[in-house]
Amino acid sequence: MLLCAFLGVGPSSAQAQDQHASGGGTYFVEPGIRSEFQFNENHVQCKIGHAVLADGTTLQMYMASQTIDSVTIDSVAKTVVITGTMVSIVRLRFASGEAATLTESVPFVVFGQDNGTPGGGTDLFSLTVLYADTPDLDQFDLFGSPATFAGTLAAGDIEVR
């Protein structure tokens with residue numbers, strides 16, 4: 001399974017001004033398939049620049065937040081949870097030469113855990129989205145639903161304070 005994505009509007013009004021969460025880096029959603037991400041209280045995005053699936057299909061994916069419904073920061077546990085809606089765009093090129101672009105607006109939940117600095121090898125990141133199943137080829141067919149893309153950071157850092 002593959003994926004990435006994130007936020008768009010801003011922190012909830014209940015969030016204390018001295019709390020902050022941000023991050024960026026890479027992680028592997030499965031062996032050989034690297035995902036890049038960035039987030040803070042105002043923006044989240046994630047992408048897979050290029051992947052080749054087992055059947056020879058190439059895949060590119062880009063996700064970016066459209067709205068943020070909530071931002072919950074736990075500065076003691078060093079975690080952040082962000083919910084909202086994002087656009088998920090997948091470009092496929094099949095071995096036959098045909099291509100497809102799948103675009104969907106999806107609800108999402110992002111989780112980040114700051115386990116120290118540097119974050120590579122210790123910090124955790126995950127994105128869970130709910131894809132709709134339609135009669136046509138869609139992202140549900142590729143990833144199922146809910147789809148969770150998660151991993152320990154290979155590089156980068158998540159900061160929660």
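Because the model is predicted, local features were taken at pLDDT of at least 70 and side-chain atom pairs at pLDDT 80 or more, while totals for chains, interfaces and linings use all residues. Residues are numbered from 1 along each chain as its sequence is written, and side-chain values use heavy atoms, without hydrogens or water.

The protein contains nine strands and one helix. These elements are DSSP runs numbered from the N terminus: helices are H or I runs of at least four residues, and strands are E runs of at least two. Their order from the N terminus is β-β-β-β-β-β-β-α-β-β.

The chain has 161 residues, and 42% of them are buried. Buried means under 20% relative accessible area, exposed means over 50%, and partly exposed lies in between (1.4 Å probe, protein chains only). The protein exposes about 7,600 Å², of which carbon and sulfur atoms supply 52%. Areas were computed by the Shrake-Rupley method with a 1.4 Å probe.

In soluble globular proteins, nonpolar side chains tend to be buried together. Here, the largest nonpolar core holds 35 residues. Such a core is a set of buried Ala, Val, Leu, Ile, Met, Phe, Trp, Tyr and Cys residues joined through side-chain atoms within 4.5 Å. Phe39, Ile82, Phe125, Val129 and Tyr131 touch the most other members. Strand E4 (residues 58–74) gives the most to this core, with six residues.

Strand E7 (residues 124–129) pairs with two strands, E6 and E8. Pairing requires at least two DSSP bridges. E6 (residues 99–113) runs antiparallel to E7, and six bridges join them. Valine 110 faces leucine 127 of E7. E8 (residues 147–152) is also antiparallel to E7, again over six bridges. Valine 129 has alanine 147 of E8 as its bridge partner.

Strand E9 (residues 155–160) includes isoleucine 158. This isoleucine 158 counts as buried because its relative accessible area is 0%. Beyond its neighbours within four places in sequence, isoleucine 158 contacts residues including Ser22, Phe37, Phe39, Leu124 and Phe125. Phenylalanine 39 lies 119 residues away from isoleucine 158 in sequence, yet their C-alpha atoms are 9.0 Å apart.

The structure has one salt bridge, defined as a side-chain nitrogen of Lys or Arg within 4 Å of a carboxyl oxygen of Asp or Glu. It links arginine 161 to glutamate 159, with the closest N and O atoms 2.8 Å apart. Arginine 161 is partly exposed at 48% relative accessibility. Glutamate 159 is partly exposed at 32%.

Note on methods. Contact means heavy atoms within 4.5 Å.
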